Amino acid sequence: MTQTKPIILLDRDGVINQDSDAYVKSVDEWQPISGSIKSIAALSKAGFQVFVVTNQSGIARGYYDDSTLHAMHDKMTALVEAEGGKIAGIHYCPHGPDDDCHCRKPKSGMIEAIEAELGLSFEDHPAIMVGDSLRDLQAGNARGCSPVLVLTGKGRETQYKAIDFPFAVYTDLAAFTIATLHKYS
């Protein structure tokens with residue numbers, strides 16, 4: 001019997017692309033982490049639906065605008081498609097930390113939007129939230145996703161934080177992908 005393939009939710013900065021404490025503000029600054037693009041493509045080609053779930057407070061802070069963000073996402077999508085894969089959807093929160101929105105991780109609004117889009121609940125259908133920060137893991141855990149920490153981006157610091165729920169750890173998105181493809185093959 002084959003297992004139901006989980007929906008894969010990926011944080012962006014620090015998981016798919018290089019992160020920066022000064023924010024990734026342009027298409028040129030958006031640089032993929034080695035292996036991440038091929039990983040997304042491999043998951044997609046194996047039948048996993050892959051979504052990107054990303055806080056983008058740089059918009060609220062005035063560092064870049066929606067059109068620049070969309071250009072970054074077009075670059076990411078084109079790179080994945082060039083490898084034969086597909087990103088099922090990209091959800092982002094443009095708000096700042098003091099905006100009291102429902103979508104900014106660690107809140108789960110973006111994940112709830114994906115559930116609504118797919119017509120299912122991650123309490124009932126398996127999903128995995130892959131991130132490099134505590135807020136990524138908290139958002140996924142709040143909606144019933146299996147939280148996965150990658151040690152790229154802020155992951156090395158995050159692994160030492162007090163986290164009161166179980167989560168898996170992988171060195172990077174490529175290592176997570178290899179394990180996931182093996183588990184669900």
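Predicted model: local features only at pLDDT ≥ 70, side-chain atom pairs only at ≥ 80, totals over all residues.
**Exercise 1. Which residues lie nearest the centre of the largest pocket, and how does its lining divide by class?**

Step 1. Start with the space itself: the largest pocket has a volume of about 380 Å³.

Step 2. The lining is made of 21 residues, and D13, D19, N55, R135 and K154 are the ones nearest the centre.

Step 3. Sort the lining by class, and you find 11 charged, 7 polar and 3 nonpolar residues.

**Exercise 2. Repeat this for the second largest pocket: which element gives the most to its lining?**

Step 1. The second largest pocket holds about 260 Å³ of space.

Step 2. It is lined by 17 residues, with I128, S146, V148, K183 and Y184 closest to the centre.

Step 3. Two or more lining residues come from each of β4 (127-131), β5 (146-150), β6 (168-170) and α6 (173-183). The top contributor is α6, with 4 residues.

Step 4. The classes here are 13 nonpolar, 3 polar and 1 charged.

**Exercise 3. Why can the buried residues of α6 be said to line one face of the helix?**

Step 1. Find the residues of α6 that are under 20% relative accessible area. These buried residues are L173, F176, T177 and T180.

Step 2. Look down the helix axis. The buried residues of α6 fall within an arc of 100°, so they line one face of the helix.

Step 3. Ask what lies over the buried residues of α6. The cover includes β1 (7-10), α1 (36-45), β4, β5 and β6.

Step 4. Finish at the N-terminal end of α6, which is capped by D172: one of its side-chain oxygens is 3.3 Å from the backbone nitrogen of A174.

**Exercise 4. Is S36 buried or exposed, and what does it touch?**

Step 1. Locate S36 in helix α1.

Step 2. Its relative accessibility is 1%, so S36 counts as buried.

Step 3. Leaving out residues up to four places away in sequence, S36 touches V15, I16 and L173. L173 is also one of the buried residues of α6.

**Exercise 5. Where is D65, and which polar contact does its side chain make with another side chain?**

Step 1. D65 sits in the loop between β2 and α2 (66-82).

Step 2. With a relative accessible area of 40%, D65 is partly exposed.

Step 3. The D65 side chain makes a polar contact with the side chain of S67 at 2.9 Å. A polar atom of the D65 side chain also lies 2.9 Å from the backbone nitrogen of T68.

Step 4. For a sense of distance, compare D65 with E83: they are 18 residues apart in sequence, and their C-alpha atoms are 28 Å apart in space.

**Exercise 6. What do the buried residues of α4 pack against?**

Step 1. List the buried residues of α4: L134, D136, L137, A139 and G140.

Step 2. Their packing partners are α3 (109-118), β4, β5 and α5 (155-158).

Step 3. Follow the chain just past α4, and you reach G144, which takes a positive phi of about 85°.

Definitions and conventions:
Residues numbered from 1 in each chain as written. Heavy atoms only, no water. 1 Å grid on protein atoms, 1.4 Å probe; cavity = no way out; pocket = protein on both sides within 12 Å on 5 of 7 lines; lining within 4 Å. Points joined across faces, edges and corners; volume = space filled by probe spheres on them. Nonpolar A, V, L, I, M, F, W, Y, C, P; charged D, E, K, R; others polar. Buried < 20%, exposed > 50% of the residue type's maximum accessible area, 1.4 Å probe, protein only. Arc of directions from axis to C-beta. Contact = heavy atoms within 4.5 Å. Polar contact = N/O pair within 3.5 Å; in protein donor to acceptor, adjacent residues only side chain to side chain.
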